[in-house]
Amino acid sequence: MEWTGTWVAERLGVELVGDGELRDLLGLALRRNPKRAHLLVSNVLGKHVPQRPSVVYGHGHALGVRAAELLGPAAADAVVVGYAETATGLGHSVADGLGDVPYLHSTRRPVPGVVPAGGFEESHSHATSHLLLPEDPKLLAGPGPLVLVDDEFSTGNTVLNTIRDLHARHPRDRYVVVALVDMRSAADLGRLAAFGEEIGARIDLVTGARGTVRLPDDVLAKGQTLVGQQEAANANASANPATPAETAGPASSGAQSRPVRVDLGWPAGVPDGGRHGFTPAHRALLEAALPDMAARLSAALPPVTATDGRPPRVLVLGNEELMYAPLRLAHALEQTGADVSYSTTTRSPVLAVDDPGYAIRTRLVFPAHDAPADGPGDRYAYNVAGAGFDAVVAVVDSTADTPELHASDGLLARLGAHIPHVVLAVVPSYTPRGASMLPEPLRGPAFSSYAPEEVGWLLQDLSDVELEAPTEEREEAIQSGGAHYAESLPVEYQPSEQYQQLFHAALDASAARLARAVGTVTETVLAERSGRPVLVSLARAGTPVGALMRRWAQHRHGLDLPHYAVSIVRGRGIDANALRWLAAHHDPADVVFVDGWTGKGAITRELAEALKDFEGFDPEIAVLADPGSCVRTYGTREDFLIPSACLNSTVSGLISRTVLRADLVGPDDFHGGKFYRELAEADVSNDFLDTVSARFDEVADAVDTEVKELLAADRTPTWEGWAAVERISEEYGIHDVNLVKPGVGETTRVLLRRVPWKILAQRGAGADLDHVRLLAEQRGVPVEEVDGLPYTCVGLIHPHFTRGATGADGKAVVSQ
């Protein structure tokens, strides 16, 4: 039989050198990855290549037995940790071989309310962030040996990152690394022992085979070129069912099979895997239940094939990190005499080539169906189409049993197009004790007009709740009852045709200026925050800015930064549940709060105060414009027109201002917001993003120069804006700084959703104030030109008899 690495080796000059059985264990494939062109494809892991479950489980179990022999009596105190997603089942099997020891695997699926016990990066992977989320926080705290399990040991970086993180939290004197293959280069061979000496611990290695991959210097460039050529060839051939390598849609012309759902009878209290820990007690319960579950699966399968009377060829297909449960089900089914193979779906994009000398012959593509934290995306099943299976058992956990799984382009439909008999088995997703059941972020197009990758809204959808009232009625009700401004919504301002023309003219005129400010603030964040920043915009004014910052990072650096929008309410603070969700899904130290602009700095102070109760978050806000000198991280300190301030929801994804009302927002809910779908014809949210993004390239050089100067400058906030507001408050007899709204952005908001008293304008201010003058004229508000104003304009709300006046606590100032 031809080696399944021949195709890649011949075209890229890659050599696989090592033990005699290495080529039996590994094939080669290509992937579109800027860090590594080739992929070592294991024939015994059960991920990309369907294999007998007894072979897959046997290899892992045997490695566990060897690790136990190495550790001797200390094995009884060991804890095993596997790596997501590829080695979760392998790690489980190693733990079984070690004996009665607990198991935990890393995960890329955060769980709200479960505090991470560690995290690390897998530098060569397409998706790098790993979390350790044990239900028992003491699981990793013991002094016994820690056994780390991965499918391949290549550079050692992932293992060293893990040990470094965990050793800093819970030092111990013994580590064992277990892998199917040791593929380190000569340069990497001594790193493990040297690191062990550095931290004062012994680190051993147990592997199934030893070898190395010899790569030519130009392998990355050649690999990417080859991937591009082959993908084009696959696309051209996709219309021909005889060439099944790339299969994004149904490939068979016959009737598609309908899935049959089977109740497994999964034992109560047994986790679906090791995401939150899997104990010896769990293992015993699972072992006892496996024969009955295998019998239920067997009953759902066709007894014989229609053609030759042989037992059907069955594939048991796991789902990404869910590898162990389907492996054990497949193994139990195999022990009944069935003809069973096992593999799982994956996030990893690998090129498919229908050639005997290539490890990935076919590829099924389907959308993610478990609401992943990083948003939607494609998922894959390899070597399934065209493999001659008569039946497939798709095993998912209940979190992944979603409408997307059952959709016409979902996994079940893809399988049914190629395999006559499809069975669905759902394992209950395990919920750790104390886990908060906060929902996942809302995304467009279901909530907001933004594309789903632009932003995840950590809000509760209140679109069907009547919250609006005419401004005067609303403020009168607030004043009479002392209600908070965030308990209701003003009627959304509907811009006139003249005002819309003003917006577009302002956007065209300021797009380059905006792009420069976006680039400057984003580059400053990237320079001063290590790792991968998580953008968290303050809804809703900050959200267009967060989306633009995300676009800049992607356009300029190829970085796909997560972006979420959260609610902050004056007098009530930031949404605590949104912070808990962020802490459960990301390192709080990576979070960068984003807003559109600063006025006098009230929100800056509000955020700093709110975060005192939450460990790890940096209260610094990154803003596009900081005319009040309230923050260190900004795009500019000029007070100029940011066109997104000219409109409300129609430039912010059609989302309302946020709502916080006790009868609508419970203790476990996010703050609320509305999606104004009915305003779609007036929506310019994506026009705003596209217009500014189109100017990124032309301002890139100016941004680089400006950022270099900023990073070397003293950017300590002077709070001169706050001082100016205090002076204006006293000069005009207002005596409440919260009723003075400085800057173009804040003045615009006063005119759009308050009942203002007057506008102060810097004498000689030009086009930046055209929209302010128009709004003021429409509302009968005087504009007074003054000298010595530190802002381009300031909006004033009179505290007496003025509906719309709110004080520091967010409540209306009572008329006198």
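Against which elements do the buried residues of α3 pack in this predicted model? The legends below begin with that helix.

**Figure 1. Helix α3 and its packing partners.** Helix α3 is formed by residues 53-71. Its 19 residues reach 27 Å from the first C-alpha to the last, close to the 27 Å expected at 1.5 Å a residue. Pro53, Val56, Tyr57, Gly60, Leu63, Gly64, Ala67, Ala68 and Leu71 are the buried residues shown in α3. These residues lie on the same side of α3, because they cover an arc of only 145° around the axis. The buried residues of α3 pack against the helices α4 (88-98) and α9 (324-334), and against the strands β8 (146-153), β9 (174-182), β10 (202-214) and β14. Gly72 follows α3 and has a positive phi, near 65°.

**Figure 2. The open sheet that includes β14.** The order of the five strands in this open sheet is β12-β18-β17-β13-β14, with parallel pairing. At the edges are β12 (260-262) and β14 (339-345), each of which pairs on one side only. On average, neighbouring strands of the sheet are turned by 25° against each other, direction ignored. Helix α8 (residues 280-300) packs on the sheet, where it touches β12, β17 (391-397) and β18 (421-427). The direction of α8 makes about 155° with that of β18.

**Figure 3. Pairing of β13 with β14.** Strand β13 comprises residues 313-319 and runs parallel to β14, to which seven bridges join it. Arg313 has Asp339 of β14 as its bridge partner. Strands of a sheet pair through backbone hydrogen bonds, either parallel or antiparallel.

Figure 4. Leu548 belongs to helix α14, which spans residues 543-557. Leu548 counts as buried because its relative accessibility is 1%, below the 20% cut-off. Beyond its neighbours within four places in sequence, Leu548 is in contact with Val518, Phe688, Leu689, Val692, Ser693 and Phe696. A separation of 8.8 Å is found between the C-alpha atoms of Leu548 and Gly519, which are 29 residues apart along the chain.

**Figure 5. Confidence along the chain.** The chain has a mean pLDDT of 85, and 88% of its residues reach 70 or more. Over residues 248-255 pLDDT stays under 50, and the model has 12 contacts beyond four places in sequence for this stretch. Where pLDDT is low, the predicted coordinates should not be read in detail.

Definitions and conventions
Residues are numbered from 1 along each chain as its sequence is written. This is a predicted model: local features need pLDDT of at least 70, side-chain atom pairs count only at pLDDT 80 or more; totals for chains, interfaces and linings use all residues. Side-chain values use heavy atoms; hydrogens and water are left out. Two strands pair if DSSP finds at least two bridges between them. Helices (H or I, at least four residues) and strands (E, at least two) are DSSP runs, numbered from the N terminus. Axes are lines fitted to C-alpha atoms, for helices over the stretch in contact, and angles run from 0 to 180 degrees between N-to-C directions. Contact means heavy atoms within 4.5 Å. Buried means under 20% relative accessible area, exposed over 50%, partly exposed in between (1.4 Å probe, protein chains only). pLDDT is the predictor's confidence in each residue, from 0 to 100. The expected span of a helix is 1.5 Å times one less than its number of residues. The arc is that of the directions from the helix axis to the C-beta atoms.
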